[in-house]
Amino acid sequence: MMGGASNPDLAAVHAAAVTYCNAVYKAQADVFETLCHDAFHMVCVDGPDMQFWDKPAYLARVTARDAAAGDPVYEILSVEADGDMARVKLRVGVPGVLYEDYLGFVRVCGDWKLMNKLFRTYDGSLAAG
C-alpha cells in the first residue's frame, strides 16, 4: 500500500486485476470494452522493436482469440494505489504464452479504469507449470 491508499481502494484495484486476468484467459472483449479507459494504450517490449496498440486495436486482438479452456492461470504479484491512480504487476497465462503485465489504473467517477498496459511474453511452457 502506498500514499495512504485505503483498503477499499486496494481491494477494488485487486478485483479489477482479477477481472482483467479472467477476461484475458477467456478472451472476453466485452469486459475490456468496459474495463479499459477510452484512451487506453498498451506497449509490448518483447525484443528490440516495441509494439503499440490503442483500445480498438486491443479489442480486435482479444476478439480474434478463442477462450482458453479450464480455469484461468494467473498470479497477481503486487497492487499499489495512491489517490486516483494505481499500479498492478501480474502474470497471466493462456495456452502457449505467459504474459507479464504492468497495468496502470485511474479512478474515473469512482470506478477503476485500465489506462495502460506495459507487457512482455514468455514461452508457454512456463504457463503450464
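In which loop is C109 found? The points below answer this within a description of the predicted model.

1. Overall sheet. The model contains an open sheet of six strands, ordered β2-β1-β6-β5-β4-β3, and its pairing is mixed. Strands β2 (51-54) and β3 (73-82) form the edges, each pairing on one side only. From one strand to the next, the twist averages 15°.

2. Strands β5 and β6. Strand β5 covers residues 97-108 and strand β6 covers residues 111-123; the two run antiparallel and are joined by 12 bridges.

3. The loop between β5 and β6. C109 is found in this loop, which answers the opening question. The phi of C109 is near 50°, a positive value in a residue other than glycine. In general, most residues other than glycine have a negative phi. C109 counts as exposed because its relative accessibility is 81%, and the cut-off for exposed is over 50%.

4. Strands β1 and β6. Strand β1 (residues 36-44) runs parallel to β6, and five bridges join the two. Within this pairing, C36 stands opposite L114 in β6.

5. Strands β1 and β2. Here the pairing is antiparallel and extends over four bridges. V43 has F52 in β2 as its bridge partner. The hairpin of β1 and β2 has six residues between the strands, and G47 in this hairpin takes a positive phi near 75°.

6. Helix α1 and the sheet. Helix α1, residues 7-26, lies across β3, β4 (85-94), β5 and β6. The helix runs at about 150° to β3.

7. The loop between α1 and α2. A27 lies in the loop that separates α1 from α2 (29-35). The phi of A27 is near 55°, again a positive value in a residue other than glycine. Is A27 buried or exposed? A27 counts as buried because its relative accessibility is 16%, and the cut-off for buried is under 20%.

8. Two residues side by side. A27 and C109 may be read together: phi is positive at A27 and also at C109.

Methods. Residues numbered from 1 in each chain as written. Predicted model: local features only at pLDDT ≥ 70, side-chain atom pairs only at ≥ 80, totals over all residues. Heavy atoms only, no water. Pairing = 2+ DSSP bridges. Axes fitted to C-alpha atoms, helices over the stretch in contact; angles between N-to-C directions. Contact = heavy atoms within 4.5 Å. Buried < 20%, exposed > 50% of the residue type's maximum accessible area, 1.4 Å probe, protein only.
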